[in-house]
Amino acid sequence: MTQPKALSAHVLLHISRQLNISLKSLVATIGLLDEGGTVPFIARYRKEATGNLDEVQIRDAQEKLEYFRELEERRETVLASVEEQGKLTPELKARIEAALEKTELEDLYLPFKPKRRTKASIARDKGLEPLAQFLWDQQPGPPLAELAATFVSEEKGVASAKDALEGARHIIAEWVSENAEFRKSVRGMMLAEGLVLSRAIEGVADPEGKFQMYAQYAEPAARIPSHRMLAIRRGAKEGILSFEIELEKEKPLAMLRARVMRAPGEWVDHLDLAVEDSYQRLLNPSIQTEVRLELKDRSDEEAIKVFRENLENLLLSPPAGMLTVLAIDPGIRTGCKIAVVDDTGKFLENSVIYPFEPKNDLAGAVKTLASLVARHNVQAIAIGNGTASRETAGLVQDFLRQADLARIFSVSVSESGASVYSASDIARQEFPDLDLTIRGAISIARRLQDPLSELVKVDPKSIGVGQYQHDVDQRRLKQSLEATVESCVNRVGVDLNTASWALLRYVAGINERTAQKIVEFRNEKGRFRSRVGLTAVPGFGPKTFEQAAGFLRIRGGDNPLDATAVHPESYRVVEKIAASLGVSVNDLITQPQLVEKIKLEGFATETVGMYTLGDIREELRKPGRDPRDKFVAPHWREDVRDIADLKPGMTLEGVVTNVTRFGAFVDVGVHQDGLVHVSELSNHYVKDASEVVKVGQIVKVQVLSADPKAKRIALSMKALAPPPPKPKKAEPSMQDKLSALSNKFKVR
């Protein structure tokens with residue numbers, strides 16, 4: 001593997017300041033990343049080296065590293081190009097080498113970039129650059145009319161002194177537009193003071209009224225939120241809206257004039273014309289394009305962040321655990337598809353019932369349910385939340401009540417992405433002989449058992465927790481979502497003997513090919529008895545073992561530590577701890593109270609420091625702990641099954657399905673999620689909905705309005721919250737008390 005080029009000291013120092021982490025930690029982190037270390041591994045098992053940086057800090061460092069390495073490559077290209085042109089002065093070289101932003105570097109390179117034919121290049125070809133230089137220098141000289149007349153040439157196409165001056169102004173206009181400092185100032189003004197203006201394109205229909213709000217809209221570029229910027233861009237992409245960034249031209253023109261004009265003289269009028277031409281024809285369109293891209297980039301980043309947070313919360317939803325589950329994928333005309341899986345997620349049996357129109361076979365449905373429940377000792381029933389979900393839930397609850405099966409609970413499970421999974425290559429590999437609808441029902445059952453293990457099989461973009469996800473940079477989105485899935489999988493840990501290859505591929509250090517080889521090996525040789533057994537898997541080398549081992553769990557194996565998050569490289573330390581207490585490692589794990597007797601300082605070595613020892617102690621307190629919350633099923637109201645059943649003032653329980661910057665969407669069991677606007681989340685000011693709620697959270701809401709025709713539901717959490725405490729009356733100061741006494745006894 002080729003060693004990546006090292007970054008210069010001033011770049012490293014810049015990154016260190018940007019991220020607010022020590023230079024030592026940054027350099028160590030970069031070294032570990034360059035050696036092939038994964039973010040989860042470095043964050044968990046290399047805390048001494050990084051100074052206890054967390055995953056977010058390490059991923060930030062990784063992103064900055066990629067950015068500045070790309071910048072270094074571009075810098076070398078720019079330097080080589082300018083040098084080849086013979087124009088690389090020591091001052092310019094120093095400025096290029098000091099540039100810390102891609103935009104700044106491109107601004108410096110712009111005057112030297114190969115261009116198409118422009119008004120300025122035509123003027124240069126006519127030999128008018130010396131005249132432009134005279135105007136630019138603003139130094140005493142011959143009368144301007146006389147000087148301009150010397151450039152008249154029939155051969156070069158300069159018909160008059162007036163033409164010569166016009167050509168000179170074109171050259172100056174290009175100089176102004178290509179000046180790095182001028183560009184930076186105008187760009188800053190447009191970002192800080194510009195207005196995003198959107199207009200409906202005349203004569204173009206907006207049939208669904210999606211962009212009605214933006215038909216005549218303006219908002220400051222500095223403050224426009226991600227979702228509104230992306231909505232405007234989508235409207236423009238669909239040919240319904242046009243938009244621009246408007247900046248009152250007088251301010252940038254005044255700034256440019258002040259910097260260009262340094263002395264009075266006959267050149268002033270020409271420079272003024274050149275500056276105005278430069279701004280209107282060159283600078284404004286160019287900077288506007290850059291600012292539009294900057295706003296797009298900013299909006300993408302925000303939208304991706306929202307998606308990442310939602311995905312993380314969804315993946316870390318509480319698992320119901322290893323129960324035998326009967327799942328129902330509801331349907332009306334085509335029937336309700338049923339699949340039963342055992343407590344390991346293994347598919348057992350499937351069926352179809354037709355309790356609704358047109359067949360109305362309620363008796364047959366109840367008989368089938370009773371038979372499946374009895375035959376497989378079902379412990380839970382999962383119902384997909386699509387069409388006929390509430391009707392199916394009502395049927396199941398009636399069945400459980402009449403059959404006196406209180407031990408079995410039923411719960412609604414999100415179907416988002418289930419149809420994508422059922423048609424995927426992964427589903428075909430798992431169940432080649434089953435129909436798509438049965439695969440979907442199996443996925444619903446497994447989602448109840450363990451959302452993380454099942455959702456990793458679905459493209460995150462299909463799970464339905466994004467915000468304008470198809471409008472953002474798809475490469476960045478993919479990288480960010482994959483990093484989120486990787487983070488969640490490694491935080492929870494993976495059972496080596498039950499995990500699918502789709503789950504194993506997200507374990508630190510393991511790729512798709514290696515994951516498939518692990519499963520093939522397991523199918524052929526049987527259960528793994530120890531983590532060390534992984535080294536027998538073809539292609540599973542020492543580096544992969546180092547990265548992955550700590551995140552893989554083996555329950556009931558040869559070594560009790562294999563069921564914990566303690567890394568094999570630290571087993572000797574745990575053995576020493578156990579020996580110091582006079583107990584076995586197994587005793588240490590089964591009796592967590594023993595850990596409290598440990599004085600960690602005595603076990604520190606050159607490679608195992610206090611951070612690692614602290615993690616070992618925490619792990620031994622709760623060996624193999626699952627960081628996810630305890631599973632709780634939401635309760636739907638029996639009298640609410642459709643939007644038409646909703647009435648203002650009703651109180652409902654629901655599950656948060658998506659969180660955006662403008663509010664949270666909540667499933668209250670009527671097939672259509674309701675919106676709790678950010679202003680209805682709390683009695684105190686909320687800037688960002690994610691401060692209050694997260695995906696998967698069970699919340700209580702009050703119905704504000706419900707429109708069955710438009711399929712819109714407005715909800716409030718604020719309406720059910722206790723009123724904010726009244727501000728206490730300020731205690732009068734001593735000065736106030738003395739003044740009051742003085743007034744009381746004042747002689748009138």
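# Close-up views of the predicted model

**View 1. V27 is partly exposed, with 42% relative accessible area.** Here buried stands for under 20% relative accessible area, exposed for over 50%, and partly exposed for what lies in between (1.4 Å probe, protein chains only). This is a predicted model, in which local features need pLDDT of at least 70, side-chain atom pairs count only at pLDDT 80 or more, and totals for chains, interfaces and linings use all residues. Numbering runs from 1 along each chain as its sequence is written, and side-chain values use heavy atoms, with hydrogens and water left out. V27 sits in helix 2 (residues 23–34); helices (H or I, at least four residues) and strands (E, at least two) are DSSP runs numbered from the N terminus. Together with L13 and L23, V27 makes a nonpolar surface patch of about 210 Å². Patch residues have over 30% relative accessible area and no salt bridge; nonpolar side chains (Val, Leu, Ile, Met, Phe, Trp, Tyr) are joined within 5 Å, and like charges within 9 Å. Accessible areas come from the Shrake-Rupley method with a 1.4 Å probe, and for residues only the protein chains shown count as cover.

**View 2. D54, D60, E63 and E301 form a negative surface patch.** Asp and Glu count as negative, Lys and Arg as positive, while His and the chain ends are not counted. Each charge is placed at NZ of Lys, CZ of Arg, CG of Asp or CD of Glu. D60 belongs to helix 5 (residues 55–84). D60 counts as partly exposed because its relative accessibility is 31%.

**View 3. The side chains of E178 and K115 meet in a salt bridge, with N to O at 3.2 Å.** E178 is in helix 11 (residues 161–178) and K115 in the loop between helix 7 (102–109) and helix 8 (119–125), so the pair ties together parts that are 63 residues apart in sequence. A salt bridge requires a side-chain nitrogen of Lys or Arg within 4 Å of a carboxyl oxygen of Asp or Glu. With a relative accessible area of 9%, E178 is buried, whereas K115, at 39%, is partly exposed. The whole structure holds 55 salt bridges.

**View 4. A salt bridge joins the side chains of D272 and R257 (2.4 Å, N to O).** The pair links distant parts of the chain, D272 in helix 15 (residues 268–315) and R257 in helix 14 (residues 250–260), 15 residues apart. D272 is partly exposed, at a relative accessible area of 25%. R257 is partly exposed at 22%.

**View 5. E302 and R661 form a salt bridge whose closest N and O atoms are 2.3 Å apart.** This pair links distant parts of the chain: E302 is in helix 15 and R661 in the loop between strand 11 (651–660) and strand 12 (663–667), 359 residues apart. E302 is partly exposed, with a relative accessible area of 26%, and R661 is buried at 10% relative accessibility. A network of salt bridges links E302, K305, E309, R661 and D688.

**View 6. There are ten aromatic pairs by the ring-centre rule.** F521 and F528 make a stacked pair, with 5.6 Å centre to centre and 20 degrees between the planes. Rings of Phe, Tyr and Trp (its six-membered ring) pair if their centres lie within 6.5 Å; planes under 30 degrees apart count as stacked, over 60 as edge-to-face and the rest as tilted. F521 is buried at 17% relative accessibility, and F528 is buried at 4%. F662 and F665 form an edge-to-face pair, 6.2 Å centre to centre with 90 degrees between the planes. F662 is partly exposed at 22% relative accessibility; F665 is partly exposed at 24%. Ring pairs also link F41, Y45 and F551 into a cluster.

**View 7. E357 and P358 are joined by a cis peptide bond, with omega about 5 degrees.** P358 lies in the loop between strand 6 (347–353) and helix 16 (362–376). Most residues other than glycine have a negative phi, and most peptide bonds are trans.

**View 8. A388, a residue other than glycine, has a positive phi near 65 degrees.** A388 is in the loop between strand 7 (380–384) and helix 17 (389–402). A388 is buried, at 3% relative accessibility.

**View 9. K711 is not a glycine, yet has a positive phi of about 55 degrees.** K711 is placed in the loop between strand 14 (698–707) and strand 15 (712–716). At 51% relative accessibility, K711 is exposed.
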